[in-house]
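Please walk through this structure with the strands and helices in view, and then turn to the ligand.

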Amino acid sequence: MKTILVAGGNSGIGLQAARDLLTDGHQLVLLGRDPRKGEAALASFGTGAHRASFLAADLSTHDGVREAAGRVLDQHDRIDALVHTTGVFTSQESRTTDGLHPFFAVNYLSRYHLAQLLLPALRHAERPVVLMMTAAVPPTDEADFTRFPEFAPFDFGHDRKPIQLANHHYAAHLTRTEPGLAAGVVNAGAAKTDILRIAPWYMRAGAKVLGPVLFDSLKTSAHNVVEATRYDDWQSPLYWGKPGRFERRTPITLNTETTQHLMDTSRTLTGA
Ligand SMILES: NC(=O)c1ccc[n+]([C@@H]2O[C@H](COP(=O)([O-])OP(=O)(O)OC[C@H]3O[C@@H](n4cnc5c(N)ncnc54)[C@H](OP(=O)(O)O)[C@@H]3O)[C@@H](O)[C@H]2O)c1
């Protein structure tokens, strides 16, 4: 039985992944912001619920990530897999208490920070796995990191790509620096979840009209993180670009100087 932490596991694609991994007989720890959604998730697990727990955490701040990691480490010596499905979708200018944009703080930095703090428990696993969910962003060196990490003022159209690509760089960094650890990035596809709740009205309206035609099922969007957690026949670091198609993989090969720059900056910001 593996111990699998799903950050974002109280909602949407993360909840579906947690459900599927619970069916496999694993022990699940869910992290999320809203305790009511956490309780509802546990209640929906039926007979498997005793193998799942929920921790409420605000992962948009450094303190929130530190507190969450501390609570996880208090309860678990070993973590076999860490799955990041946390995310916000906002194009508005706003700042966390650390002065960072929430899209950057949640969709990238909290993943780096939480994984770094949980490395002692991940190192106790036979083949630790770290997976990060993003939108469709194939690995490429054609991205502008000059605004990293402030992204001020926030420009969603320009900044979403470098922020999401930082996940790919972190997967490459983990593979290089943590022997035996497998890391990857998974495209979520397009699924009907809570992700659009603070998106602009026209995006929510578009999703309502086009959703029934274009949306992937939650099962399809969760498929590749579930399979990557189940099987150890993949060569880290990898990017899965096609929801529901585990065999469609792209090796993550990126400029190592850029990776080092992003990791140094992430370490300076978080201290981890
Ligand atoms: N659905 C799509 O079409 C789509 C498209 C592109 C990318 N994605 C990515 O896929 C992943 C899964 O998203 P989803 O579609 O399943 O959306 P979702 O249902 O809204 O799930 C997002 C999760 O992130 C958590 N979260 C957000 N802010 C947080 C914070 N400050 N602290 C702790 N947890 C926080 C949410 O917790 P609460 O619910 O408790 O706030 C929730 O569990 C995300 O990384 C998202 O960016 C999804």
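In this predicted model, strand β5, helix α5 (residues 156-177) and strand β6 form a β-α-β unit that is right-handed. The two strands of that unit, β5 and β6 (residues 182-187), run parallel and are joined by 6 bridges. One place to look is V130, which stands opposite A183 in β6.

On to the pairing of β5 with β4. Strand β4 (residues 81-84) runs parallel to β5, and 4 bridges connect them. Here A81 has V129 of β5 as its bridge partner. A right-handed β-α-β unit is made by β4, α4 and β5.

How many residues of β5 are buried? In this strand (residues 129-134), 6 of 6 residues are buried, and the strand is described as mostly covered. Both of its faces are covered. On one side lie V129, L131 and M133, on the other V130, M132 and T134, and all of these are buried.

The ligand comes next. Around it are 28 residues, of which G12, D34, G87, A188 and T193 come nearest. The elements that give two or more residues to this shell are α1 (12-23) and α4 (102-122). Which element gives the most? Helix α1 does, with 3 residues. By class, the shell holds 11 nonpolar, 12 polar and 5 charged residues.

Key:
Residues numbered from 1 in each chain as written. Predicted model: local features only at pLDDT ≥ 70, side-chain atom pairs only at ≥ 80, totals over all residues. Near = placed C-beta within 6 Å. Nonpolar A, V, L, I, M, F, W, Y, C, P; charged D, E, K, R; others polar. Buried ≥ 20, exposed ≤ 12 C-beta atoms within 10 Å, placed from the backbone. Pairing = 2+ DSSP bridges. Right-handed = clockwise from strand over helix to strand, strands pointing away.
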